[in-house]
Amino acid sequence: MGGRTAAPVPDPWLEPVGPYLDRLRILGRSDATIANYRAALNTAARFFAGRACFGWQDITPTHAQSLAGHLLRSGYSRNSMAAIGVAVRGLLRHLGRHAAADGAIIRTGAYTRKRQPYRLEPEHVAAMIEAAPDALQRALLAVLYGGGLRLSEALALTLEQGRQLAARGQGIIMGKGKAERLCIIGRPAAADLAAYLEARKGTGRPRVVAAPYLWTNIGPGPWHRLSEYTARAMVKAAGLRVGLPGVLPHDFRHAFARHLYRGIGENIDAPGDVGLDLVRRMLGHANPETTLIYLDASAGADPDLRRAIAHHPGAR
């Protein structure tokens with residue numbers, strides 16, 4: 001969406017946007033996400049303002065549907081078009097304009113089918129970790145699974161946080177929406193992480209040893225911080241090594257949630273809602289409905305869990 005000369009957005013279009021973005025911020029959206037929503041809404045507002053509309057209240061379903069054609073003719077990518085549609089739809093629903101919001105659904109093919117998580121079992125995860133070719137990849141896989149972390153959370157870990165996790169098996173991390181939470185990775189992952197830290201120290205390369213970030217390359221070549229692209233490639237390669245093509249980092253988070261919930265049910269004499277709440281807190285979710293997505297379909301149909309969610313203070 002960058003690189004285009006943007007005309008000013010008229011004030012009547014800006015006024016409702018502020019409260020809507022404030023609501024997203026309260027719901028835990030990051031600053032980057034808020035900025036992307038603002039830019040998307042400004043792009044849409046410029047288009048609608050040129051269609052004899054004087055504010056978001058004037059938008060009809062027809063206006064909303066014409067937005068996709070305009071973006072396509074203007075050379076926007078499919079992902080950018082979908083992102084603008086999501087932002088506009090959210091604002092219109094926030095303003096109570098549901099019919100217009102339905103018209104703003106932009107079907108570009110970019111998000112027409114959401115990929116289902118790989119159903120990893122404990123033996124799959126163990127095989128991938130065991131087959132890792134070096135200490136870095138072994139530790140990364142172990143921490144992603146052991147702590148149920150998002151990839152962004154794992155890559156944001158500092159060297160000091162890594163040392164704490166390796167020494168104690170737990171530590172405070174910064175989650176989504178800058179919310180702090182306790183992360184417990186367990187003894188096996190802590191041992192793999194300690195081995196990586198030892199290998200990192202053993203490189204004898206000052207920039208590698210002194211880097212403030214946890215994940216750095218420890219092999220030959222210039223020093224660099226581990227990127228998201230490289231981390232995803234490592235996870236994909238880990239799956240291929242054991243005959244599981246297409247594994248993504250987030251599949252480890254789903255596996256962690258299912259295995260933890262299953263383990264609580266098998267080893268702890270407690271109601272299902274206790275297990276759900278523990279998994280919710282470990283994943284860093286505010287809403288238990290989100291946690292339910294990560295669990296087995298059978299758990300999702302559990303009437304006790306549904307009853308617990310209905311009375312959960314985080315349910316919206």
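Six aromatic pairs are found in a search of the whole structure, which is a predicted model. In one of these pairs, the ring centres of Tyr-20 and Tyr-37 lie 6.4 Å apart and the ring planes meet at 50°, so the arrangement is classed as tilted. Tyr-20 belongs to helix α2 and Tyr-37 to helix α3 (residues 31–49), and the pair therefore ties together parts that are 17 residues apart in sequence. Both Tyr-20 and Tyr-37 are buried. Elsewhere, Trp-13, Phe-47, Phe-48 and Trp-56 are linked by ring pairs into a cluster.

Tyr-20 also takes part in the packing of helix α2 against helix α5. The axes of α2 (residues 17–26) and α5 (residues 78–94) come within 10 Å and cross at roughly 100°. Because angles of 65 to 115 degrees count as roughly perpendicular, α2 and α5 are therefore assigned to that class. On the α2 side, the contact is formed by Val-17, Pro-19, Tyr-20 and Arg-23, while α5 contributes Ala-87, Gly-90, Leu-91 and His-94. Classified by residue type, the contact of α2 with α5 comprises five nonpolar residues, two polar residues and one charged residue.

An interaction between a charge and an aromatic ring was also identified. The charged end of Arg-225 is placed over the ring of Tyr-213, at 3.6 Å from the ring centre.

How values were computed: Residues are numbered from 1 along each chain as its sequence is written. This is a predicted model: local features need pLDDT of at least 70, side-chain atom pairs count only at pLDDT 80 or more; totals for chains, interfaces and linings use all residues. Side-chain values use heavy atoms; hydrogens and water are left out. Axes are lines fitted to C-alpha atoms, for helices over the stretch in contact, and angles run from 0 to 180 degrees between N-to-C directions. Helices (H or I, at least four residues) and strands (E, at least two) are DSSP runs, numbered from the N terminus. Angles under 35 degrees count as roughly parallel, over 145 as roughly antiparallel, 65 to 115 as roughly perpendicular and the rest as oblique. Contact means heavy atoms within 4.5 Å. Ala, Val, Leu, Ile, Met, Phe, Trp, Tyr, Cys and Pro count as nonpolar, Asp, Glu, Lys and Arg as charged, and the others, Gly among them, as polar. Rings of Phe, Tyr and Trp (its six-membered ring) pair if their centres lie within 6.5 Å; planes under 30 degrees apart count as stacked, over 60 as edge-to-face and the rest as tilted. Buried means under 20% relative accessible area, exposed over 50%, partly exposed in between (1.4 Å probe, protein chains only). A charge sits over a ring if NZ of Lys or CZ of Arg is within 6 Å of the ring centre and within 35 degrees of the ring normal.
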